[in-house]
Amino acid sequence: MTLREQIDQELKELSPDEQILRNIFRQKRTRTPELRLLLCGVLLTALFAFPVSAHIFGTIFQTTLITDENRALVMEPDIAASEERPADALEPETPNLLMEDPERLSMATGGVIQGTADGAFLPDAISVINLVYSEETAVWEIPEFLTANGFVTVFSQESNEGWYLQKGETLRLHLQTGRRAGADTGTPTERMEIGFIQDHIFYQGALQEASDFSYTLTAPETGAYYLYCINCSSNKIYIKKGSIVL
């Protein structure tokens, strides 16, 4: 299968906003070199401008909210790929574009994260989920979502607003994992880093290994806070439900 055929196959499940990608790939092949360069530029612009389908290139590029329409993603087994490298080979250096550009980081997160604390490492794949407060349960309910290794999921109130806490006030997070395809018959154990963002500055969190996750933030200072989690498992993690309590 050629690269073009592989891409065409992956683009079958694009959302309506992403149809521009399908059109670019399926143009007639009688193009001049100048036109090819122009189309490449349009393609790169489109990739950055639109949310990308979970199926392109066999992976997901951001935390994916689970709905009735895409629930099959939960049952898809993880696909691992590897290649043999010499024992003395150096690890490739991958630039972290968001950490290197605060303005781009702010734009990518809707202003939620505008910088990182000294020593903190923030992966490039970041999603912000706006939560709805439930009057009935008195909590901010976290919907079902699927997240892959290295993906950052930030929780906020509606319109990307944080929680304004006085020094010493607490914010509690709970995440309940669900079963996925290929899981053991017992309760699976996952690894996640959970931490906080204070006044739009990302701070390194703490690593947990568990089947369900709980985290309590006691505000070190008065300010606006967000909570986040990072998938540190090699496989995707399915969060069946969760909550934040003030």
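This is a predicted model: local features need pLDDT of at least 70, side-chain atom pairs count only at pLDDT 80 or more; totals for chains, interfaces and linings use all residues.
Residues are numbered from 1 along each chain as its sequence is written, and side-chain values use heavy atoms, with hydrogens and water left out.

**View 1. S159 and N160 in the loop between β7 and β8.** The strands on either side are β7 (152–156) and β8 (163–165); strands here are DSSP runs of E, at least two residues, numbered from the N terminus. S159 isn't a glycine, yet its phi is positive, about 60°. Most residues other than glycine have a negative phi. S159 counts as exposed because its relative accessibility is 59%, while N160 is partly exposed at 21% (buried is under 20% relative accessible area, exposed over 50%, partly exposed in between; 1.4 Å probe, protein chains only).

**View 2. Q198 in strand β10.** The strand covers residues 190–198. With 7% relative accessibility, Q198 counts as buried. Leaving aside neighbours within four places in sequence, Q198 touches Y203, P220, E221, A224 and Y225 (contact means heavy atoms within 4.5 Å).

**View 3. Aromatic pairs, including F196 with Y203.** The whole structure has six aromatic pairs, meaning Phe, Tyr or Trp rings (six-membered ring for Trp) with centres within 6.5 Å. One of them, F196 with Y203, is stacked, at 5.3 Å centre to centre and 25° between the planes; stacked means planes under 30 degrees apart. F196 is buried at 15%, whereas Y203 is partly exposed at 30%. Elsewhere, ring pairs link Y133, W140 and W163 into a cluster.

Definitions and conventions. Helices (H or I, at least four residues) and strands (E, at least two) are DSSP runs, numbered from the N terminus. Rings of Phe, Tyr and Trp (its six-membered ring) pair if their centres lie within 6.5 Å; planes under 30 degrees apart count as stacked, over 60 as edge-to-face and the rest as tilted.
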